[in-house]
Amino acid sequence: MIADAVVADSLVAVAIVLLSVAALVALYRVIAGPSLVDRVIASDVLLTTLIIVVGTEMAINGHTRTIPLMVALAAVGIFGSVAVARFVSRPVPESSPTQEGEL
Amino acid sequence: MTLGDSAFWNPILDIAVAVFLALAAFLTLAAAVGLIRFPDPLSRLHAATKPQILGLIFVVIAIALGVRSWTVLLLLIPVVVFQLLTAPISAHMVGRAAYRAGDFDSETLTTDELAPDIEAAGRSDLPGGQLLDEPPRSARPPRTRRPGPAKGRRGAS
């Protein structure tokens, strides 16, 4: 019984460390770039990490109070990526006349 | 202690919860390592999608096992459904944006099915190439316009 608890607790501790490292690494990619698309992908990973952290906290502490938060994050997480991806485009030389009025 | 006894199942379920949490955390870390190690946005996109579905499913299973409740599992299914519906859309949009911005290493592609289509449609921003001379707007067929917005939105903005 006690060995079971030790195994479970150490697995949970490992999970927390892995999630923390993942969030920090994703944050590094958001800051470092280099391109806008990289930042969008990394912020998507950061959001996914956040959802998983919220769920992990629920599983560890044995409550279900933050399920609405998980649902909301999963539902609206798409908007950030799509909104930014819509406006990513190849940089056009300033002399090009075709960019006028296209957006 | 029999099989129907909760004293028999509780330690096993606790370990199962911990294992699922560790698996989800491992997938999340794998995505983060992919973000760092992979060379261009398209391959980073591949790494980023790992925890979005499978990791989330593991966490949902862990929560439901932790409280031992079918009702909670039912409440959590919308989370997975929303991710299943929205993750491919955002990945598609971001991938297309990366392609159009030329933000990828064309040497790593094994096949590129979009480039001939863009060329056939008379678009000028070919991947990795310089801007060609755009034909005048009136000479272009209607479908060669920007692929992004719908026609109604263009008029509105």
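Visitor: How many residues does the contact take from chain B and from chain A?
Guide: The model is a predicted one. In it, the contact between the two chains draws on both partners, with 55 residues from chain B and 50 residues from chain A.

Visitor: Which helix gives the largest share of the side of chain B that touches chain A?
Guide: Helix 1 (6-37), helix 2 (41-48), helix 3 (50-67) and helix 4 (70-100) of chain B each contribute at least two residues to that side. The largest share amounts to 18 residues, and its source is helix 1 of chain B.

Visitor: How are helix 1 of chain B and helix 2 of chain B oriented, roughly parallel or roughly antiparallel?
Guide: Two packed helices are described by the angle and the distance between their axes. Here the axes of helix 1 and helix 2 of chain B come within 8 Å and cross at roughly 175°. Angles over 145 degrees count as roughly antiparallel. Therefore helix 1 of chain B is, relative to helix 2 of chain B, roughly antiparallel.

Visitor: Which residues of helix 2 of chain B make the contact with helix 1 of chain B?
Guide: On the side of helix 1 of chain B, the contact involves Ala31(B), Gly34(B) and Leu35(B). By class, the contact of these two helices has 4 nonpolar, 1 polar and 1 charged residues. From helix 2 of chain B come Arg44(B), Ala47(B) and Ala48(B).

Visitor: Is helix 3 of chain B largely enclosed by the rest of the structure or largely open, and how many of its residues are buried?
Guide: Helix 3 of chain B has 18 residues and bends by about 25° at Leu56(B). Helix 3 of chain B is largely enclosed by the rest of the structure, because the buried residues among its 18 number 14.

Visitor: Where does helix 4 of chain B bend, and which proline follows within four residues?
Guide: Helix 4 of chain B has 31 residues and reaches 46 Å from its first C-alpha to its last, close to the 45 Å expected. The bend, of about 30°, is at Thr86(B), and the proline that follows within four residues is Pro88(B).

Visitor: What percentage of the residues in chain B is buried?
Guide: Chain B has 6 helices and 0 strands. Of its 157 residues, the buried ones make up 30%.

Note on methods. Residues are numbered from 1 along each chain as its sequence is written. Chains are lettered from A and ligands numbered from 1 in the order in which they are written. This is a predicted model: local features need pLDDT of at least 70, side-chain atom pairs count only at pLDDT 80 or more; totals for chains, interfaces and linings use all residues. Two residues are in contact if their C-beta atoms, placed from the backbone, lie within 7 Å. Axes are lines fitted to C-alpha atoms, for helices over the stretch in contact, and angles run from 0 to 180 degrees between N-to-C directions. Angles under 35 degrees count as roughly parallel, over 145 as roughly antiparallel, 65 to 115 as roughly perpendicular and the rest as oblique. Ala, Val, Leu, Ile, Met, Phe, Trp, Tyr, Cys and Pro count as nonpolar, Asp, Glu, Lys and Arg as charged, and the others, Gly among them, as polar. The expected span of a helix is 1.5 Å times one less than its number of residues. The bend at a residue is the angle between axes fitted to the seven residues ending there and the seven starting there. A residue is buried if 20 or more other C-beta atoms lie within 10 Å of its own, exposed if 12 or fewer, and partly exposed in between; C-beta atoms are placed from the backbone.
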